[in-house]
Amino acid sequence: MPKEPHSFKRLVLGLQPGAHDRTMRLAVELADLLHLDLLGLFLQDSGLYDLASIPFSREFRPLGGGWHAIDPERLSRDFELAARSIERKFMDAAKRLPTGSQFEVARGSIAQTFASVSRIDDIVMIAEPGSPAERATQQFSWLVEGAFRSAAAVMLVPPHIARTKGPVVAIAASSGDPSILGAAAIAFAAKEELIIIETDGLDADDPRIRRLADDTGLVIKRMAAPNVRLADPAACAQAFRQIAERLVVVTRGALAEGTASAITAARRVPVLVVEPPGMAADESTRPTGR
Amino acid sequence: MDAGITKTVVRPLTAKQLYRPTDLSGLTFSTTAELQPIDGLVGQARAVEAIRFGTRVAKTGFNLFVIGPNGARMQDAVKTMLAAEAAGKPGPSDWVYVNNFADPAKPIAIELPAGRARNFHDAMNKLIDDLKSALPAVFQGEDYQRRQAAIDESFQKRQGEAFSALHDKAAEKDIAILRTPLGFALAPTKNGEVVSPDEFSKWPEAKRREVQAAIKELEKELEHIVRQIPRWETERRDEARQLGRDTAKYAVDQLIEDTKDAFKDISRVVQHIETIRADLIENFGMFVIKHEDDGNEVRDIRTGGPLDRYEVNVLVTQDIDRSVPMIEELHPALGNLIGRIEYVALHGALLTNFRLIKAGAIHRANGGYLLLDARSVLLEPFSWAALKRTLRRGEIAIEDIGRFLGLTSTVSLEPDPIPLKLKVILFGDRMLYFLLAALDPEMAEHFKVLADFENDLPRTPENEAILARLLATLVQREGLNALDRDAVALVLEHAARSAEHASKLSLAVEQLREILIEADFFAREEKRSVISRADVDNTLNARIRRAARLRDRTQEAILDKVALIDTAGTHVGQINGLSVTELGGFSFGRPTRITCQVRPGSGKVVDIEREVELGGPLHSKGVLILSGFLAGQYALDTPMSLFASLVFEQSYGGVEGDSASSAELYALLSALADVPLRQDLAVTGSVNQHGEIQAIGGVNEKIEGFFDICEKRGLTGTQGVLIPQANVQHLMLRKDVLDACAAGRFAVYPIATLNEGIALLTGLAAGVRGSDRSYPLDSVNRRVEDRLRAFASIRRNFANQSNSGGAPAN
């Protein structure tokens with residue numbers, strides 16, 4: 001295995017008020033595993049400031065006893081406190097990280113800000129909120145939109161992670177699918193098995209998988225799942241039967257839209273969506289890949 | 001009648017009277033190897049009866065207090081007896097402590113048949129091991145995870161659908177749900193962005209109102225959904241909990257049944273295992289892999305790890321093959337006696353649980369015998385009171401004394417008390433027993449049986465044979481060389497000397513054991529396989545030599561005339577008294593010069609020792625008796641007009657005892673009669689008001705003390721010691737003294753009355769009153785009486801003169 005088996009340099013973790021420290025620990029673990037710098041990006045939604053200036057705007061505080069008018073000053077103060085609290089948690093989680101770590105606060109449109117900060121050699125990590133209410137908010141949609149609009153690979157993290165040990169699974173259309181190399185890099189770093197689920201059927205003669213196994217010393221298992229619809233939970237469970245994976249890697253555009261999110265929800269493990277070759281250069285034609 | 005002039009002659013004692021050799025004629029043996037060893041108690045019939053009674057009466061309060069002299073090895077003897085008593089009796093139950101799931105601060109005690117506690121402990125450990133693998137496996141299993149996920153999913157779905165519907169409804173009206181730092185808000189949007197305030201203000205009034213109304217309606221729905229979430233969450237938790245219970249029950253049931261099966265004959269154990277089943281099912285959450293969200297859950301540290309509370313703390317277990325326990329606690333501190341609760345420090349706090357309960361000696365001895373040294377119990381704080389409290393309660397309650405004293409303020413335990421069925425045997429010396437009996441009224445309540453060990457036994461040939469067998473036992477037990485016949489005889493003679501009685505044998509077995517060990521050492525040094533009389537003699541001499549530094553220095557002072565003692569010639573008002581010093585278990589005698597001065601006075605005999613507070617009460621009593629004797633014996637028709645002073649010359653320590661009172665009286669009579677006393681004789685013995693000489697202690701050491709001085713100065717053949725006739729039976733003198741007496745170079749005189757003594761000391765007859773009520777001329781008594789009358793006359797004359805202007809002295 002080459003010294004740098006992947007091209008990622010940085011892990012960008014999108015953070016919002018109420019972000020859980022388990023997400024931060026997971027980000028630190030992955031950054032450590034892949035020797036990435038870590039950026040914690042706290043996003044202040046400028047849309048809330050716009051809303052605060054609309055006369056009838058108000059917010060419902062579940063723990064605060066009902067409806068309250070949105071005061072811009074109060075909003076700023078609350079954002080500042082939330083940012084400070086999250087920074088403390090983030091820096092605490094990252095203190096043992098041997099690579100660099102940084103925490104930044106950005107204010108603006110969430111989707112644009114997130115997309116603009118990310119680079120082609122980034123992995124942006126988005127943790128799905130545990131609460132359906134949070135998931136229904138526009139900010140989460142903007143966060144996902146921004147992530148997939150960026151040039152970076154995207155990691156979707158479910159609210160509750162079922163396993164933190166186990167093989168890394170690559171879902172590949174062919175033996176040359178970029179997801180295989182991405183999954184191999186993580187499996188190698190994590191000293192786990194690599195399982196390849198080949199959606200177009202096994203190409204038994206393809207020498208690339210054998211060469212990858214020889215180069216890395218990885219235990220590689222190949223499974224055929226032709227024409228499987230992974231967005232369907234039942235089909236997904238069938239494809240992953242007897243696999244207790246810790247991470248799934250897919251290639252953006254290789255699967256139907258929404259498949260990555262569906263796999264995340266069905267398997268309750270993080271899913272990394274990597275870029276297909278050549279796509280990074282042309283953002284305008286990039287599929288969303290969700 | 002002039003019969004009183006007859007001089008009484010006191011004959012010195014013969015060698016036979018000075019030492020009684022051992023009579024082993026009834027016992028045929030050449031060495032102790034041929035003797036049948038003897039176990040148990042020798043010559044202790046009274047104690048044996050008491051111990052037998054005390055151990056057989058199984059009623060409250062009939063515990064034993066065993067008293068006796070030091071070195072009697074009472075513990076060993078009692079243990080041997082108890083072992084015989086206990087043989088064949090079934091052992092007591094085992095006891096364990098288990099967790100009280102209803103109230104962990106009050107651990108539960110469970111009784112099991114002997115030897116089963118360890119089985120219970122092992123069975124529970126196996127159950128715990130099985131649970132450790134079975135429970136996580138079932139909770140990590142696909143089935144549980146799937147069902148749990150389904151419950152979560154259902155909850156998420158319900159919430160998700162509600163919010164999704166709201167989201168869609170809002171989106172239709174170009175309204176977005178936004179997350180604020182503290183809650184949720186609804187905002188008008190355009191092209192996926194929140195409408196800016198400028199643009200909003202430019203909207204027509206009707207549109208603004210329409211949007212506002214739409215937001216207001218959506219707000220109601222948002223609030224309605226959010227307020228339902230806690231109820232949905234409660235429903236989810238209930239479903240998840242029921243799933244957990246069902247899953248745990250499935251995993252636990254068979255393991256519990258298997259564990260129960262081995263103890264179905266012990267209902268209390270079965271009941272406890274059932275409690276464990278219920279607890280496992282109720283607390284299945286301990287075995288579920290926690291989501292990282294729950295990582296901060298505080299564990300119940302008081303009970304250790306999640307499964308530790310199912311463990312069994314074996315407090316006491318009995319070997320099934322052994323009979324009743326017999327425990328000797330050498331360090332009866334409170335915790336060692338009644339058990340203790342230990343603590344572990346965690347994060348600066350002291351924590352405990354049922355597994356940290358430790359048994360005390362009472363637990364271990366329960367159902368059998370507990371042997372304690374009374375002095376040790378009394379020296380340990382709280383132990384004596386705790387022992388009495390335990391005996392009174394009839395159950396063993398572990399007390400955390402640190403709590404009572406306020407030394408620890410942490411949460412502690414109140415373990416179930418354990419029923420007490422115990423015979424306590426206290427060992428102590430007599431003084432301790434009598435003090436306790438006098439000062440602690442509870443002692444009689446709890447220690448109703450006294451076993452009083454004899455100091456000695458009569459020296460009959462039968463008892464000598466028994467003691468010889470006891471020596472054989474000691475030799476065998478200690479792995480020593482056998483003693484030959486003569487060695488045995490000497491050891492027995494030493495036992496008589498230790499008993500301070502030629503007709504008794506000391507039962508200080510420990511002392512005999514020490515002598516045997518030392519004699520064995522000498523024999524082995526000489527490469528001999530049998531201990532001879534010479535070895536025993538060497539031992540006895542060596543023991544004296546090691547301890548006799550002070551004796552030697554004292555004798556040295558006398559020989560160097562630093563301490564003035566005459567051993568020849570005569571002197572008026574001066575006599576050699578004898579005293580005994582005991583230090584560190586070694587006693588030696590030494591002569592002390594006693595002098596007396598007389599003159600007319602008011603009838604007072606002054607004890608200078610008492611005046612300077614160097615004399616003890618017994619000594620003062622002896623001197624006062626002298627006054628009584630004088631008053632009743634002489635010049636009965638004349639007021640006592642004597643002033644006499646008595647002193648122990650060169651005595652700088654205290655003087656106690658009345659054993660020198662006869663010597664003091666001899667000195668007083670000598671001074672009054674102006675008759676010199678022989679200085680080659682020394683005197684010991686107390687005297688009563690009738691002039692009878694009474695027995696004293698330490699007679700052997702006193703004789704030997706004077707002999708040593710005389711022998712070192714050279715025996716003249718006239719030297720000797722006057723002892724009370726009653727002490728003749730106590731004589732077991734050293735061989736060199738015996739030899740000197742047998743050769744006529746030293747003498748021991750038995751004295752019954754003062755008259756016999758004064759005659760021997762002065763060479764004059766004491767004198768007995770004749771029919772004319774007067775003493776014969778030239779008798780000592782006549783001289784004394786005449787002198788007293790003369791003093792009275794002087795005093796009378798002086799009084800007459802003083803009436804004319806003078807004043808009487810004293």
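Residues are numbered from 1 along each chain as its sequence is written, and chains are lettered from A, with ligands numbered from 1, in the order in which they are written. Since the model is predicted, local features are given where pLDDT is at least 70 and side-chain atom pairs count only at pLDDT 80 or more, whereas totals for chains, interfaces and linings use all residues.

**View 1. Chain B as a whole.** Chain B holds 27 helices and 32 strands, where helices (H or I, at least four residues) and strands (E, at least two) are DSSP runs numbered from the N terminus. Of its 810 residues, 43% count as buried, a residue being buried if 20 or more other C-beta atoms, placed from the backbone, lie within 10 Å of its own, exposed if 12 or fewer, and partly exposed in between. Two residues are in contact if their C-beta atoms, placed from the backbone, lie within 7 Å. Among the contacts in chain B between residues at least 6 apart in sequence, 77% join residues at least 24 apart.

**View 2. The side of chain B that touches chain A.** Here 32 residues of chain B are in contact with 33 residues of chain A. On this side of chain B, at least two residues each come from helix 5 (142-172), strand 4 (175-179), strand 5 (184-190), strand 6 (193-194), helix 6 (197-202) and helix 7 (205-261) of chain B. The largest share, 7 residues, is supplied by helix 5 of chain B. Sorted by class, this side of chain B has 16 nonpolar, 10 polar and 6 charged residues; Ala, Val, Leu, Ile, Met, Phe, Trp, Tyr, Cys and Pro count as nonpolar, Asp, Glu, Lys and Arg as charged, and the others, Gly among them, as polar.

**View 3. Strand pairing across the two chains.** Strand 3 (residues 58-61) of chain A and strand 5 of chain B run antiparallel and are joined by 2 bridges, and two strands pair if DSSP finds at least two bridges between them. A:Glu59 has B:Ala185 as its bridge partner in strand 5 of chain B, while A:Phe60 stands opposite B:Phe184 in that strand. Within chain A, strand 3 also pairs with strand 4 (residues 66-69) of chain A, in the antiparallel sense and over 4 bridges, and there the bridge partner of A:Glu59 is A:His68.

**View 4. An antiparallel sheet of chain B.** Three strands of chain B form an open sheet in the order 3-2-7, with antiparallel pairing. Its edge strands, each of which pairs on one side only, are strand 3 (108-112) and strand 7 (313-316) of chain B. Neighbouring strands of this sheet are turned by 30° against each other on average, direction ignored, with axes taken as lines fitted to C-alpha atoms, for helices over the stretch in contact, and angles running from 0 to 180 degrees between N-to-C directions. Helix 4 (residues 116-140) of chain B packs on the sheet, touching strand 2, strand 3 and strand 7 of chain B, and its direction makes about 30° with that of strand 2 of chain B. Strand 2 (residues 94-98) and strand 3 of chain B pair over 5 bridges, and B:Val98 stands opposite B:Ile108 in strand 3 of chain B.

**View 5. A parallel sheet of chain B.** This open sheet has 5 strands in the order 8-13-16-1-17 of chain B, and the pairing is parallel. The edge strands are strand 8 (326-329) and strand 17 (449-452) of chain B. Strand 1 (residues 64-67) and strand 16 (residues 423-428) of chain B are joined by 4 bridges, and B:Val66 has B:Phe427 as its bridge partner in strand 16 of chain B.

**View 6. Helix 17 of chain B.** Helix 17 (residues 485-498) of chain B has 14 residues, which at 1.5 Å a residue should span 20 Å, and its end C-alpha atoms are 20 Å apart, which agrees; the expected span is 1.5 Å times one less than the number of residues. This helix is mostly covered, as 11 of its 14 residues are buried, including B:Ala487, B:Leu490 and B:His494.

**View 7. A loop residue, B:Ser651.** B:Ser651 is found in the loop between strand 26 (642-648) and helix 23 (661-673) of chain B. B:Ser651 is partly exposed, because 18 other C-beta atoms lie within 10 Å. Leaving aside neighbours within four places in sequence, B:Ser651 is in contact with B:Thr592 and B:Leu614.
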